[in-house]
Amino acid sequence: MNGVHRPSSWHRRRRDALAGFAFTAPAMLHTLVFMLVPAGAALYFSFTEWDMISPARWAGLRNYREILFDSDLYPDFWKSVRVTALYALLSVPASLVTGFVQAYLIDLVRRGQAFYRLVFYLPVITAEAAVAAIWKWLYDPQFGLINAGLDVLGVAGPDWLGTPGVVIPALALIAAWQSGTAMLIFLAGLKGIPRTYYEASEVDGANRWQQLGRITLPLLRPTTFYLVVTGVIAALQVFGIVYVLFGGNAGPERSGLSYVLHLYLFGYRNGAMGAASAMSVLLFVTILLVTAAQFRLVPRQYEG
Amino acid sequence: MRALVRWVAATAAVVSLAASAACGGDSPATEKVVEFWYYQPTPDQSKQIKQLAKRFEETEPTITVRLTEIPKDDYNTKLSSALGGGRGPDAGYLDQPLMARYANAGQLAEVPAGTITESDFYDGALRTNKISGKLWGIPLQQTTVALFYNRKLVSTPPATWSELVAESARVHRENPNLAGVNVPKGDGFGAWLFPAFVASAGGTMLDESSRRIAFADPPAQEALALWRKLLESSPRQITNSENPFHKGLAAMMFSGPWEVPAIRQQFPQLDFGVAPLPRKDVAASNIGGDNGVVFGKARNPDAAWKWLRFLSDATHNAEFSNITGNFPTNRKAAQAAKINTDPAFKVFVDQLETAQARPTVPEWIQINDEYLAKAIEEGVDGGRSPADALADAAARARKLLGWQ
C-alpha cells in the first residue's frame, strides 16, 4: 500500500513546496531587494569615502575610528548618542504607562470600547508632519495652549522647544500621546487574562489595586516585554518627529539631534555617505546588543 | 498552470509597455530633449514657468524642454541619487555651495566659451560658479538678506551696529514683553547670515589661495559679539514663538526678500520697512541662490546651454526671477525688473552689489552647518567667549580641509 502511494505523495509534497515558494517569493524578494542588498551595500560603503556622486574610495576603518574618537570632525556624534539614549529612557516608559492606563480604562468601561480604541489610536495614524505642526502650536512659548493652561494655574511654563534641557522631555510627551499601539497590545493582553482569576480573588476579598498588582501586571509581563523591546528599537531610530519639528537645525543647541538625524545630515547634507553608512552599522550593532541584553536581563514570563 | 503562465506573460507585456510609454520612448532624431530639474514652485508659478519654456521652444523649434519639479527639501538628495545611479537630468538647478562638490566629482560640464558675457552678471553670483578658475554654471537667480523693521516700534532704521544695539535696547526697555531683534541662532541659516556681518567688520571667512581659515579673526569675533549683545535685549522666550517679527513680538529681523510677499499676504496688518543691513566699517551682505548647470552625461549639452542662456539673458532673467520670487543675476535684467519700483525690493537689489560669495570648498556645507553653527550657538546663546568658540570651529575646519 505504501509502495503504491509513495510516488504520488512525493509529487504532492514537491508541488506543495513549489506552491510555498511561490507564495513566499514576493515577501522574500522584497526582503532581499529592499532590505538585505541595501544593508550589505551600507556595510560595504561604511569602509569607503563616498559622496554618492563620485566613485567610492576605500578608507578601511577610518570612518569608524573618526566617528568614535575624533571629536573635531564629528563634534556632535556623542551628543547624538546621549540625546537618543535619553529619549529612549524617557519615551519608552512614558508611552508604556499611558498605553497601559488607556487600555486599563477602556477595559473597564462597558460601552463604546471601539470608540475609545479608535480615538486613542488616532495619534498613531496621523501623518507625522501634522503631528509636529500641532505640537509646535501647543508648545508655542507665547500663544501655546499648554503654557496658557499652566498660566491659569499660576505656573510660568517653559519655552518647551526652545530650552535645551526641556526638548527631550517635550518629545517624550509627544511619544506618550502617540502610545496607541501599546494601548492596543495591552488591551489584547488584558482580554487574554481569564476572568476566573479575578472572580476567585474577589471571593477572597481582594480589592482593585490588589488585583492590578497581583494578577493583571504579572500576567501582562510577556506583553510588556514585547512592548519594551520593540519600543526601545523604535526609540533608538527616532527621526521623523525631530526632523519635522526642527529640520536640520536639530533644536536649540542641537538638543534634539537624534542619532538618525545626525546620520541623515552627514549622508545627505554634508555629502559624507560613507561616514553615514558607518554610523548606521554602529546603530545596527548597538540595537542588536541592547536587544540581546534585554532578552537576558528583563523578565519575560511570570514565574509565580 | 498554462493559464497562469499566459496571465503572467500578458501582465509583464502590459507593464513593460506602460513603462516605456512613461519614459516617453525615443524622440525623433531631429528633436532635442532637455530634461531640466528645478525646485517645485507653487502651481501658479509652475504655470508661468511652463509658458516661459514654451516661448523658448518657439524660438528653438528643434528643442523640447521637459520640466521636472522636485520639492526643494528633497532636491539635493534626489539629484545625487539620480546622478549616482547614472540616470540624472540633462540640466538643472544647483545650490551655490554644492558647485564645488559636483564639479570636483566630474558631474558637471564646463560652460563652453562664449556662452555668456561674464561682465553682464553680478560678481557675487557669478563667482559662485567658478571653481579653480573655471566656469561650471550660469547664475540664474540670487537672494540676500536685509534689515526688516516694524514701523510702529522703530521710526528710523538703525544704519550702524551701535545704533542697532541702542535701538534694540530701547524697544525692550520700553516694553519688556517685546524683543528688539529676532537674533539669528546657531543653525545653518544663522551661519549663512554670519559672513555678511563678518564682512562688514572688514573680515572674510576663508582665504582659499593661502589655505587659511579667517573666521576666527577679530572681525568675526566682533560680529559674534554683536549678536550676543543683541540677545540681551531680545530674549529667546519671546522670539522662539513662531514668526515673532510678523506678529509684532520682535521689532527687527534679518531676512530675505521671500518674506515681503509672505508678510503682505499673511500679516497684512504689519506695517514694516526694509533697510540695508546695519554696518560696522563697510556695507556688506551675504548671498544665496541657484545656478543653472549642465550635467556631464547630458545627451544634448548644446541644447541645454541654450535653455540656460535663455533663462539668464537680459530679457528673460528678470521675468524668470520675478516668477520665482528671487532676484535677477543679470545686471541688465535687474534694471528692467519690476522689483525696482517696489521700495522694499529695491533695498535688496542695492545690497546685492555688496554681496560676498561663499567659499567654494566642497566641504563648506559641513563647515557651515556643523562647526560654524556650533560656534554661533556657543558664542551667542551658550555664553562662551566668541574668540574661543570660533577658534574651536576654525581648528575643526582646518582638520577637515587638511589645511594644517
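A salt bridge is a side-chain nitrogen of Lys or Arg within 4 Å of a carboxyl oxygen of Asp or Glu. The model is predicted: local features need pLDDT of at least 70, side-chain atom pairs count only at pLDDT 80 or more, and totals for chains, interfaces and linings use all residues. Residues are numbered from 1 along each chain as its sequence is written, chains are lettered from A and ligands numbered from 1 in the order in which they are written, and side-chain values use heavy atoms, with hydrogens and water left out.

**View 1. Lys280(B) and Glu222(B) form a salt bridge.** N and O lie 2.8 Å apart. The pair links distant parts of chain B, 58 residues apart. Lys280(B) sits in the loop between strand 12 (272-275) and strand 13 (288-294). Glu222(B) belongs to helix 8 (residues 218-232). Helices (H or I, at least four residues) and strands (E, at least two) are DSSP runs, numbered from the N terminus. Lys280(B) is partly exposed at 35% relative accessible area. Glu222(B) is also partly exposed, at 31%. Here buried means under 20% relative accessible area, exposed over 50%, and partly exposed in between (1.4 Å probe, protein chains only).

**View 2. Arg236(B) pairs with Asp381(B) in a salt bridge.** The closest N and O atoms are 2.8 Å apart. Arg236(B) lies in helix 9 (residues 236-239) and Asp381(B) in helix 15 (residues 364-381), 145 residues apart in chain B. Arg236(B) is buried, at 12% relative accessible area. Asp381(B) is partly exposed, at 27%.

**View 3. Salt bridges with shared partners build one network in chain A.** Its members are Glu49(A), Arg57(A), Arg62(A) and Glu66(A).

**View 4. A salt bridge joins the side chains of Glu35(B) and Arg66(B).** The N to O distance is 4.0 Å. Glu35(B) is in strand 1 (residues 32-39) of chain B, and Arg66(B) is in strand 2 (residues 63-70), 31 residues apart. Glu35(B) is buried, at 18% relative accessible area. Arg66(B) is partly exposed, at 39%. Over all chains, the count comes to 31 salt bridges.

View 5. Val33(A) is found in helix 1 (residues 2-45). Val33(A) counts as partly exposed, at 43% relative accessibility.
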